[in-house]
Amino acid sequence: HDVSTSRRLFFLMEKLILIILSCWLAGCDVTTNQIQQHAQLIDNLIEPPDIQRASDKVINYPELDGPKITVAVYDFKDMTGQRKPGTNLAHLSSAVTQGGEAYLIETLKDIGNSTWFTVLERQGIDYLIKERQIIRQTREANSDKDKLQPLLFAGILIHGSIIGYDSNLVSGGQGARLLGIGVNTQYIRDTVTVGLRLISVSTGEVLLTSTTTKTILSVKTQGDVFRWTEAGTIPVEAEIGKANNEPVNIAVRLAIELAVCDIVQRGKDKKLWSYKKKEGIVK
């Protein structure tokens, strides 16, 4: 992922240099509007991340050979204590999401075309119990003999947390300038680390563990033109730039998805479960 992103950035920077230099060598005037058009071209080449659904790797994961596994997820805490990084001011907002359990539950529900886990509601269990009490009392007051179905219990507890967030892990850039026309690219790389473990409710034994790390890449591309007009007496300078910051929430989600897939693979290696066969071949 990092290698392909770097190659794309270098390609875009080289393309921007060639466009501006071609305008210069052709004798045309490079204006702010033209530089904005070049920036728009870069925007069209960079595809926005898909944040509406789970990744294809999760959905197309091998299916479980057997009935669904009933699991419970209580929370997915931020254990880093990190605050959002700032240049001059300290931010009160957290650097990472405080609702990671939403991504974990969705990943458990979607993995393998929704064939792996039955996820029970535990974060809002108090509201669920209160609502069941209201239903029960209402039925008793109206002599309704219908009974509520018993709540399901889980044999497996999946617990995890965000255990690390490192900012400015790697920073750098590159640029070039020719005949008063230049372009430069700067980047900063952060990392987020999540941990996940699968626990047996009956014995309390930790059956499986997984720790995964995801890179968060921030890139700034800037182009500028400096030239003299009116017989070299008036300096004219134009500058435009754009910064692309990978959302931290997307990085956390991808790290959770990777951890869930790793847990499933480790369980298969330990023969806790198996993949469904397809055309006589195990996927």
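1. Helix H4 contains a kink of about 30° centred on Thr107, where the bend at a residue is the angle between axes fitted to the seven residues ending there and the seven starting there. Helices (H or I, at least four residues) and strands (E, at least two) are DSSP runs, numbered from the N terminus.

2. The model is predicted: local features need pLDDT of at least 70, side-chain atom pairs count only at pLDDT 80 or more, and totals for chains, interfaces and linings use all residues. Residues are numbered from 1 along each chain as its sequence is written, and side-chain values use heavy atoms, without hydrogens or water.

3. H4 (residues 100–114) has 15 residues and spans 19 Å from its first C-alpha to its last, close to the expected 21 Å; the expected span is 1.5 Å times one less than the number of residues. Buried residues of H4 include Tyr103, Leu104, Thr107 and Leu108. Buried denotes under 20% relative accessible area, exposed over 50%, and partly exposed in between (1.4 Å probe, protein chains only).

4. Strand E1 (residues 69–73) is mostly covered, with four of its five residues buried. Five bridges join E1 in parallel to strand E3 (residues 117–121), with Thr70 opposite Thr118. E1 also pairs in the parallel sense with strand E4 (residues 156–178) over two bridges, and Ala72 has Leu157 as its bridge partner there. Pairing requires at least two DSSP bridges between the strands.

5. Ile129 lies in helix H5 (residues 125–141). Ile129 counts as partly exposed because its relative accessibility is 36%.
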